[in-house]
Amino acid sequence: MSVLARPLRAAVCSLLVLAGCAAVSPAAASPGCASDGRTVRYVVAFDRGTPESSARQQTSAGCGQLVGYYPQISVAVVTSADRAFADRLGPERTFSAQATRTAAERPGTAAQPARAELPLSDPARVPATDLSAQQWDMNLIGAPAAHQITGGSRAVVVGVLDSGVDPKHPDLAAAIDPDDSAGCLTGVPDPSPAAWQPTTSAHGTHVAGIIAAANDGKGITGVAPGVRIASVKVIDDRGYADPEAAVCGIMWSAARHLPIANSSWFVNPWSLSCVRGNDRGVVHEVLARAVEYATSQGTLNVAAATNEAVDLTPSARSGSPSAAGKCEALPAGLREVVTASAISPDRVKSGYSSYGLGVVDVTAPGGGDDRCVISTVPGGYAPMCGTSMAAPHVAGVLALLKSVHPTWTAAELRRALDSRATPMPCPDNYDLTGDGVQDAYCSGYDGYNGFYGHGLVDARSAVAPAQAGLPSPAR
């Protein structure tokens, strides 16, 4: 699964250009191309600086059709019905999540079915009960105290790169920014509402509520209830976040000048593995290029550390191969990303949460055992556990920071987040099962370590006046 949560038991051309993706008309296939009857989508990393005309020509010569191109990072979305397409263009720069999943299926077995259709909320039927007493997570990061100062500015829009956000939920209806929302499942942004609304998963709606659910005395309250959210759909109906969808979501966030984007997923089709193949190098390259570009444009990406309970290694920047034989999560391992681990109510790293010195930047509530994080879902409210829940707490705190410091850059926001977090030292004993064996090993020191990074995010300190003596980021 690409989403990092655990339950408790035909786009308009002008908009595509604004998104940094050129919509490309199909070209005639080259002579000698064959079709096996199944069209497959690929993501292709061309050499930096490759113009769209050259990318189209190379794609057509390889028996493919260029359907979208991001010239800023020289990454293309391509379809082809010729199974030899990847070999023609070169497997070192071409990858298809669809083809990889198909190849992994055993003969005679059916593909994973899509999940049941999920209806959007009927506002009249959503319970109006005040659930704030169940929000241990908000108390842990000082959100109620922060709200005494500000709940955030509507000028701040946070991108929720996920499975879609329910625009009819009464706790989210006022926060949704439809103009900055888009569906990215094809790798090319589609701004139509049907493309960015949820269809089978409550995950994105849950994440959105943690960030920006209304402070109205009903249901729950988010970390930054005054900000807005853009629904950017990158997780499909089977729970997959394919690399072309991830690139599209990140590039859309940059093009729309969203200061913060939340990614509570890691790229499929694999489960997280500590052994990387050459095809994963393509995925690393296209995601690294997208994140680096987005950061340069002022978009700070927040990612969940994954629920694999493994020691992660930092990912190399674009143009450099990652270390073989290491545990790498994308986008969490990328240097420009703010990565969040998860803690339980007792302020200890949740057993499922991955970790890693140089990967984890901060920690936030994700829940554990019988106490998960309650938030919005279509039709009401529900608890979920996971680093998926930790990341939006971080995104919400960053949104508060951006609200009170609107001129701060992505780098300044990141430095302030780190410096204002509450340091958490490595635990003396991390034996969650009580069997006398350490369940994970924390490396680092009190102010910065692999379990908690710089510490627990603090919403109160994010909005505290300068005269309170809290540090400001160095310029």
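# Salt bridges, disulfides and rings: a working chat

Analyst: Asp-82 and Arg-88 form a salt bridge, with the closest N and O atoms 3.0 Å apart. Keep in mind that this is a predicted model.

User: Is Asp-82 buried or exposed?

Analyst: Asp-82 is buried, at a relative accessible area of 5%. Arg-88 is partly exposed, at 41%.

User: How many salt bridges does the count come to?

Analyst: The count comes to 11 salt bridges. One of them joins Arg-125 to Asp-122, with the closest N and O atoms 3.6 Å apart.

User: And how open are those two, Arg-125 and Asp-122?

Analyst: Arg-125 counts as exposed, at 70% relative accessibility. Asp-122 counts as partly exposed, at 37%.

User: What about Arg-256 and Asp-180?

Analyst: Their side chains meet in a salt bridge, 2.8 Å from N to O. Arg-256 lies in the loop between helix 9 and strand 10 (260-263), and Asp-180 in the loop between strand 7 (157-162) and strand 8, so the pair ties together parts that are 76 residues apart in sequence.

User: Switching to cysteines. How many disulfides does the structure hold?

Analyst: It holds four disulfides. Among them is Cys-184 with Cys-248, where the sulfur atoms are 2.1 Å apart. That link is left-handed, with -65 degrees about the S-S bond.

User: Where do Cys-184 and Cys-248 lie in the chain?

Analyst: They link distant parts, 64 residues apart. Cys-184 is in the loop between strand 8 (182-183) and helix 7 (193-196), while Cys-248 is in helix 9 (residues 243-255). Both Cys-184 and Cys-248 are buried.

User: Next, Cys-372 and Cys-385. How far apart are the sulfur atoms?

Analyst: They are 1.9 Å apart, in a disulfide. The torsion about the S-S bond is about -105 degrees, so this disulfide is left-handed. Cys-372 sits in the loop between strand 13 (362-365) and strand 14 (373-377), and Cys-385 in strand 15 (residues 380-385), 13 residues apart.

User: How accessible are Cys-372 and Cys-385?

Analyst: Cys-372 is buried, with a relative accessible area of 8%. Cys-385 counts as buried too, at 5%.

User: What does Cys-426 pair with?

Analyst: A disulfide joins Cys-426 to Cys-442, 2.0 Å from S to S. Its torsion is about -65 degrees, so it is left-handed. Both cysteines lie in the loop between helix 12 and strand 16, 16 residues apart. Cys-442 is partly exposed, with a relative accessible area of 22%.

User: On to the rings. How many aromatic pairs are there?

Analyst: The count comes to five aromatic pairs. Phe-46 and Tyr-69 form an edge-to-face pair, 6.2 Å centre to centre, with 70 degrees between the planes.

User: Which parts does that pair tie together?

Analyst: Phe-46 lies in the loop between strand 3 (40-45) and helix 2 (52-61), and Tyr-69 in strand 4 (residues 65-70), so the pair ties together parts 23 residues apart in sequence. Phe-46 and Tyr-69 are both buried.

User: Why is the pair of Tyr-430 and Phe-451 called edge-to-face?

Analyst: The planes stand at 65 degrees, and over 60 counts as edge-to-face. The ring centres are 4.9 Å apart. Tyr-430 lies in the loop between helix 12 (410-419) and strand 16 (444-445), and Phe-451 in the loop between strand 17 (448-449) and helix 13 (459-463), so parts 21 residues apart in sequence are tied together.

User: How buried are Tyr-430 and Phe-451?

Analyst: Tyr-430 counts as buried at 2% relative accessibility. Phe-451 is buried, at 0%. Tyr-355, Tyr-430, Phe-451 and Tyr-452 form one aromatic cluster.

User: Which lysine lies over the face of Phe-451?

Analyst: Lys-349 does, at 5.3 Å from the ring centre. Elsewhere, the charged end of Arg-101 sits over the ring of Tyr-240, 3.9 Å from its centre.

User: What about helix 11? How many of its residues are buried?

Analyst: 17 of its 18 residues are buried, so helix 11 is largely enclosed by the rest of the structure.

Technical notes:
Residues numbered from 1 in each chain as written. Predicted model: local features only at pLDDT ≥ 70, side-chain atom pairs only at ≥ 80, totals over all residues. Heavy atoms only, no water. Phe/Tyr/Trp six-rings, centres within 6.5 Å; stacked < 30°, edge-to-face > 60°. Helix = DSSP H or I, 4+ residues; strand = E, 2+ residues; numbered from the N terminus. Buried < 20%, exposed > 50% of the residue type's maximum accessible area, 1.4 Å probe, protein only. Lys NZ or Arg CZ within 6 Å of the ring centre and 35° of its normal. Disulfide = S-S within 2.5 Å. Salt bridge = Lys/Arg side-chain N within 4 Å of Asp/Glu carboxyl O.
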